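Visitor: Hi! Could you walk me through this model?
Guide: Happy to, let's look at it together.

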Amino acid sequence: MSSARLRGPRAAAVATAAFLVLGGAAPALATSGGDIPHHPVLTNKPSLPTSYTIPGDKTYPEGIARQQHTPYFYVGSTTDGTIYRGDIHQGATKVFLPGGEDGRVSVAGMKTDSSGRLVVAGGATGKVFVYDTRTRALLHVFDTGRTDVFLNDVALAPNGDAYISDSIHPALWHITAAELKSKRVDQPLRVGVDLTNSPMVYDAGFNGNGLVVTGDGRYVLLADYNDYAFYRVDLRTHQVVPIDLGGAEGISGDGLLLRGHTLTAVTELDNPDGQIAVLKLNGDYTKAHVVSVEHGHGMHSPSTAAFDGHDLLIVNFQFQIADPQLPFNVVRVHTR
């Protein structure tokens, strides 16, 4: 998912120039086909844009949510909390929710659920904002009541629950499906799993980052951005287990995506041209081997991604780049 983060000493410095192409074919990424069904390409299918522009010269977009059964995706600004909506058939996004409304002055990761709700992590605000994508109405504000937090990314479970990573405070936050369905706007945000004294050690800088929920709803897979590590968090027992990467190095997870037992990790850590790592997990999600690692593909200090069919929609964050390449954008990368 995602982070608006403080740079560690290992982080890369400057991104290369962005390249905007509207229409045509997106660059292809070779991935494992184990969990993603392959379908023949229809020759009469219209081409989709390979890049989607985002307004503003200080936007620094971070999170993204692809809304299923619609043409829409949503992207948020870390600098003022503006949320933009894009249509996958059009090369430019538009303001969906202006920044500053509802106390939403910065946003990080986000997801849409099957009921049309947009769940948005509010970074250092310590809040999660939930909106109706049809009416733009504010449905909920979930508040940690803390200032020593950075709510970074959002993952949705099969039962409708939401989990939120925290990059500064050792906690996995939890919103139940019942809380999301309730009519009450202001609600407390509660800890789902306390990560204190767990194998996942929180150091200075940004720690908990990208996360996903497994298809059976049993586990959260959580990336430790600082330490190039991944953990399996048992949502029943709260046991935290490191995921063995088989000695692979340099794999970090700013944003995570999961299909079956195939995990896709997107990061710019040490890679201004972006990195997409595809990992194959074993049956209980405790071991993984790296299938492929890709760079480039129009990425420029990316933060996270969303699936759009067989493609990835990747956000070019360009965080801490004083003179970013404009316009800010989301790039499309083929995964087959």
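Visitor: What is the strand order in the open sheet of four strands?
Guide: In this predicted model, the order is β1-β25-β24-β23, with antiparallel pairing. Strands are DSSP runs of E with at least two residues, numbered from the N terminus, and two strands pair if DSSP finds at least two bridges between them.

Visitor: Which strands stand at the edges?
Guide: Those are β1 (51–54) and β23 (302–308); each has a single partner strand, so one side of each lacks a neighbour in the sheet. On average, neighbouring strands here are turned by 20° against each other, direction ignored (axes are lines fitted to C-alpha atoms, and angles run from 0 to 180 degrees between N-to-C directions).

Visitor: And how many bridges join β24 to β25?
Guide: Five, between residues 311–316 and residues 328–334. Leu313 has Arg332 in β25 as its bridge partner.

Visitor: New topic: what is the mean pLDDT?
Guide: The mean is 89, and 86% of residues reach 70 or more; pLDDT is the predictor's confidence in each residue, from 0 to 100. Over residues 1–25 it stays under 50, and over residues 30–45 it is below 50. Residues are numbered from 1 along each chain as its sequence is written. Local features need pLDDT of at least 70, side-chain atom pairs count only at 80 or more, totals for chains, interfaces and linings use all residues, and side-chain values use heavy atoms, leaving out hydrogens and water.

Visitor: Is Thr214 buried or exposed?
Guide: Thr214 is buried, at 0% relative accessibility (buried means under 20% relative accessible area, exposed over 50%, partly exposed in between, with a 1.4 Å probe and protein chains only). Thr214 lies in the loop between β15 (208–213) and β16 (219–224).

Notes:
Contact means heavy atoms within 4.5 Å.
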